[in-house]
Amino acid sequence: SLAPSDSEVCDQVLYERFFRCEDLAKDLPPVVKAFKASPECESGARTETSVPSERPFEDDLTSLVPDPILLSSFVATHAAALKDGQEVDVMATLAHPDTEFSVRLVGGPSMQEVSGTASFEHETFYYQLGGDAVEIAHLPDCPPSLVEQGECMVVARGTSHTVTRPFGSIGLVIQQRRRDPPAPSA
């Protein structure tokens, strides 16, 4: 929350807490409840404990983030490659500084096999932008899931699956990249 330093501008952090969020519906309410019960909420003024002195991560204040893109224009620009069943790495194409996520457009006809190895530690988000339904086979003994235009699906981490895209299919695929642990210090 921001505290107004005058009647026009909110430029100071009023209250800040860090927490691990695995389930927003479960993990956020205790933080909001703590804020609502805080002297900061009651008074609208900061206290000595409003903002933790130690942060669990360092803010990146130097990277320049590119302007947002109009996805439909980006797809149109790369239509030929997508029509040939190719992948377009959105983040690399934009020279985006964030390397935490892989954001790709994938065209059809194509097939991608994703192995559920230890390096595949995060969920995969699929959104079908256009064309016919994409088949995602992810469970043995079950029929594949069909994801039609305008629909999305999340495949659980570590789940091997195969994505089959017919001609004319265009999908958005987002994965969090693996973070290797830091090397031990000598």
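Predicted model: local features only at pLDDT ≥ 70, side-chain atom pairs only at ≥ 80, totals over all residues.
I then asked where Arg-55 lies. I found Arg-55 in the loop between α2 (39-43) and α3 (71-77).

**Partners of Arg-55**

Which residues does Arg-55 meet in the network of salt bridges? I traced Glu-16, Arg-55 and Asp-59, linked in one network. I took the pairs in turn.

For Glu-16 and Arg-55, the closest N and O atoms are 2.8 Å apart. I looked up the setting of Glu-16: the loop between β2 (10-13) and α1 (24-36).

For Arg-55 and Asp-59, I read 3.1 Å between the closest N and O atoms.

Is Glu-16 buried or exposed? I noted Glu-16 as buried, with a relative accessible area of 19%. The cut-off for buried is under 20%, so Glu-16 falls within that class. Asp-59 is partly exposed, at 39%.

**Other salt bridges**

How many salt bridges are there by this rule? I counted four. One of them joins the side chains of Glu-22 and Arg-20, at 2.6 Å from N to O. Glu-22 and Arg-20 are both exposed.

**The sheet**

Next I turned to the strands. I followed an open sheet of four strands, in the order β5-β10-β7-β8. The pairing is antiparallel.

Why is one side of β5 and of β8 left without a neighbour in the sheet? I placed β5 (110-114) and β8 (145-147) at the edges. Each has a single partner strand, so one side of each stays without a neighbour in the sheet.

**β7 and β8**

I went into one pair in detail. Strand β7 covers residues 134-137. How many bridges join β7 to β8? I found three, with the two strands running antiparallel.

Which residue in β8 is the bridge partner of Glu-135? I looked it up and got Leu-146.

**Recap**

Terms used: Residues numbered from 1 in each chain as written. Heavy atoms only, no water. Pairing = 2+ DSSP bridges. Buried < 20%, exposed > 50% of the residue type's maximum accessible area, 1.4 Å probe, protein only.
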